[in-house]
Amino acid sequence: MKPWYQMTEGELYKELKTDRNGLSAGEAQKRITQYGYNRLEEKPGKSPFLIFFEQFTNLLILILIIAAVISAFIGDLIDTIVILAIVLLNAVIGFFQEYRAERALSALKKLEIPTATIIRDGKHHQIPSTDIVSGDIAVLTAGEIVPADIRLIESPNLMIDESPLTGESTPVEKSTNIINEETSLADRRNMTFKGTVITYGRGVGVVVTTGMSTELGRIANLLQETEKIKTPLQIKLDAMGKRIAAAALLICLIIFIAGIWRGESLQLMSLTSISLAVAAIPESLPAVITIVLALGAYRMSKVNALIRKLPAVETLGCVTAICSDKTGTLTQNKMKVEFIYDGRELKKEWSLDTSNMNLIFKAITLCNDASIDNDRGIGDPTEIALLKAASEIGIHKHELEKSYPRINEIPFDSFKKRMTTIHSSPDNPKIYLMFMKGSVDSVIEICSIDSNMKGQILKENEKMAADGIRVLAVAYKEIEKGLSMSDVEKDFIFLGLVGMIDPPREEAYEAVKICMKAGIVPVMITGDHPITAQAIAKRLGITNENGQIITGRDMEILETAHFNNLLPTVRVFARVSPEDKIHIVSALKERGHIVAMTGDGVNDAPALKKADIGIAMGITGTDVSKDASDMILRDDNFATIVKAVHEGRVIYDNIRKFIRYMLSTNSGEILTMFFALMIGMPLPVLPIQILWINLVTDSFPALALGVEPAEKDVMNRPPRDPKESIFARGLWQHIIWVGLLMSFGTLGVMEWGLKHDDLEHARSMVFFTLAGFQMFHVMAIRSERESIFTLGLLSNKALLSAEVLTFSLQLMITYIPILQRIFKTAPLSAIELFICITVSFSVFIAVEIEKAYFRRKSSL
């Protein structure tokens, strides 16, 4: 069967078994029964209970639940409550984010309308839009939403805003002409689509598809079929959870067996093993990560990036490709006059230095239905651009119309592609002035010009059009009053050409450069015309003169293998469909990219959901695109994405820092207890003291690391490999050697304490030393390579405050009697306190030596 847009009116009637008078009521009812109602069907989604339950299936969360059970088993009810509170907080945040994402189709349904006008049995009827069937004759009126996919049979001056569906930035002029070749959705000028808006004129057409068979229905289907995958951070945390669980179980088992083999009591070894299990688990890690991501989201909101799903904050940091729409994101989303050809030369700057330029600006101002009120344009974007160009050199429409009032007009129509206005002349009351603007071919055909002049005009037009410039021709004529208006559109005097474009945002130039420097590939994906897309991409440096462009039509023809081979070199995709966008995102992901995708239309929603980071536009974005996204740009600006990527990289660096910090502490605790048992020493720290270290003295400095300023090379390095382990680049080695250093230092302190005092004092010294190790370690690891003295002690005041708070709390539980009883501590003497601080300071010196070694190694 031919596509609908290639059929004649007769072929349409034959295929759909209908005619100009529409269906009968009985036939319409029969088709509803056979094909269903004209509405978007929603597949059964997850229940709220299931979404909430799934928040507890993450391995790290399961480990925390086990830790809570262990804490309850050994009688530490307070710790059990704290751990369960952390688990519940994570579950509630995760639930609301996922539940909100499930509502994307609800926003899509808002594009459906309650009633529509159709012709049945030769009469007009207003019926519920859900009752429309294929074969109905629909009547379209300005201001309405199109109720189904319709092939037009009448379209006088019909203009439709298809931007949510195709990405076209301006309303599309419709016609009834048959389109013989295969064409993309945006070029099907004889079709209207469900959910688009009629901005001007009227139309009549045959309903060809309804409900889920419409273009909007296809998007709804794609939206429901596209599953959101886990972010790189979620994958890494799952892997880390497995490793921690395996290591904890193995160490506990080894120690339990070794202790029993040595003849220790079953009760003591059970307590020791449980204490080790508690020591191995970083109880506060999920809460700290959630809070740090939330702080990152807050900072991003300050630069107009609104985060809807917290894991997206970190995922931005490993983005390797940004697929961006053109209109409004890379460009200003407003037309601007860039060139004027006055019949002699092409000008980029102009003034009213000649009578011809004076007439050009009078023409574009008076032959214009738009207006500017308080610097806000009202009307067609092209006409607003013309008025703004005139106002910049002192010509204002409201003032000019006082001298040249409009007497009559010949309105624009889609056949002639021009409009003419007729004005009184202040200089000669016996004549009227006629000003005309329109397509170049349409205007010059009624101008009195010779063939050489015509050739020059067409040459300048082609030159501008090749650069994606939209070109209008302007002309004028004087006529005597009383002359009939029936035959005045001839013998005009050609004035010039006006070239307009939606120019790139100023900040987009620098943003694209930063992307390139940071190893991120910018890709333009647009529904706009290929020539316009290529022109903007070249201006911004996304592509060059030899850069290839692929259209949606090309993608249909290309074999998958050929397309995949071309993908690494293609930076511009134009005239693409929703399926094409998903195809591009999927292909990039298959090549190992972490993809951020921007979009504002309904047609973008499936690809936004498919991408690792879906970014919706806050100003021009539809509710559908926003609900499918992970992040919303409040200023619709590409440069804001780059700022968000910068913030994401900083946050990932900081997450690595506090994982380095927390797990080094945990390895120090485990190794301390392991070696103590192996050499026959008493239990160095008690379970409640371990939980204090893991939940309190760990947490405040870790949170402060989350606001650590950016490393100086954060956007001068390529994106990290998404497959890279969170323990890569020396992290696991650091955790082990720092853990060994902590354990040896702590056991040395314990040995001294046992020689000079009782077990309670020795344990208190161990407890304080471990806390001290944490405080000095966190200061040293603020940067993976730079010295603390280069960074400056005051460059992270939050961390300094956390250190003071942590040290104060540690002193309180050491010296306040009521807290001594809870945490099983004893007051330390001045010499004991000095020993604890001196030994724990050794980690600061050791880490600074490690960083100096790596700095020297990288400079060789």
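**Strands, helices and buried residues in a predicted model**

Trainee: How many bridges join strand β5 to β8?
Mentor: The model is a predicted one. Strand β5 covers residues 159-161, and β5 and β8 run antiparallel. The number of bridges joining β5 to β8 is three.

Trainee: Which residue in β8 is the bridge partner of Met159?
Mentor: β5 takes in residues 159-161, and β8 takes in residues 197-200. Across this antiparallel pair, the bridge partner of Met159 is Tyr200.

Trainee: What is the order of the strands in the open sheet of three?
Mentor: The pairing in this open sheet is antiparallel. Its edge strands are β6 (172-173) and β8 (197-200), each of which pairs on one side only. With those two at the edges, the order is β6-β5-β8.

Trainee: How many residues of strand β4 are buried?
Mentor: Strand β4 runs over residues 149-154 and is mostly covered. Of its six residues, the number buried is five.

Trainee: Which residue of β9 is the bridge partner of Glu154?
Mentor: β4 and strand β9 (residues 202-209) run antiparallel and are joined by five bridges. Glu154 falls within the 149-154 range of β4. In β9, its bridge partner is Val204.

Trainee: What angle do helices α13 and α14 make where they pack?
Mentor: Two packed helices are described by the angle between their axes and the distance between the axes. For α13 (residues 355-366) and α14 (residues 381-392), the axes are 9 Å apart. The angle is about 135°.

Trainee: How is the orientation of α13 to α14 classed?
Mentor: Angles over 145 degrees count as roughly antiparallel, and 65 to 115 as roughly perpendicular. The packing angle is about 135°, which makes α13 and α14 oblique.

Trainee: What is the handedness of the crossing of α13 and α14?
Mentor: The contact involves Phe361, Ile364 and Thr365 of α13. From α14 the contributors are Leu386, Leu387, Ala389 and Ala390. The crossing in which α13 passes α14 is left-handed.

Trainee: How many disulfides does the structure hold?
Mentor: A disulfide is a covalent bond between the sulfur atoms of two cysteines. The cut-off for the sulfur pair is 2.5 Å. For Cys515, the nearest cysteine sulfur is that of Cys323, 11 Å away, and Cys515 is in no disulfide. For the structure, the number of disulfides is zero.

Trainee: What relative accessible area does Cys836 have?
Mentor: Cys515 counts as buried at 1% relative accessibility. Cys836 is buried too. The relative accessible area of Cys836 is 0%.

Trainee: Which residues does Leu633 touch, leaving out those up to four places away in sequence?
Mentor: Leu633 is placed in strand β26 (residues 631-633), and it is buried at a relative accessible area of 0%. The contacts of Leu633 are Asn304, Ile615, Ala616, Met617, Gly618, Ile619, Thr640 and Ile641.

Trainee: Which residues does Ile835 touch, again leaving out those up to four places away in sequence?
Mentor: Ile835 belongs to helix α33 (residues 830-859). At 17% relative accessibility, Ile835 is under the 20% cut-off, so it counts as buried. The residues it touches are Val749, Trp752 and Met765.

Trainee: What share of the residues in the protein is buried?
Mentor: The secondary structure comes to 33 helices and 26 strands. The C-alpha atoms fill a box of roughly 120 × 70 × 50 Å along the principal axes. Of the 860 residues, the buried share is 56%.

Methods:
Residues numbered from 1 in each chain as written. Predicted model: local features only at pLDDT ≥ 70, side-chain atom pairs only at ≥ 80, totals over all residues. Heavy atoms only, no water. Pairing = 2+ DSSP bridges. Helix = DSSP H or I, 4+ residues; strand = E, 2+ residues; numbered from the N terminus. Buried < 20%, exposed > 50% of the residue type's maximum accessible area, 1.4 Å probe, protein only. Axes fitted to C-alpha atoms, helices over the stretch in contact; angles between N-to-C directions. Parallel < 35°, antiparallel > 145°, perpendicular 65-115°, else oblique. Left-handed = near helix turned anticlockwise from the far one by under 90°. Contact = heavy atoms within 4.5 Å.
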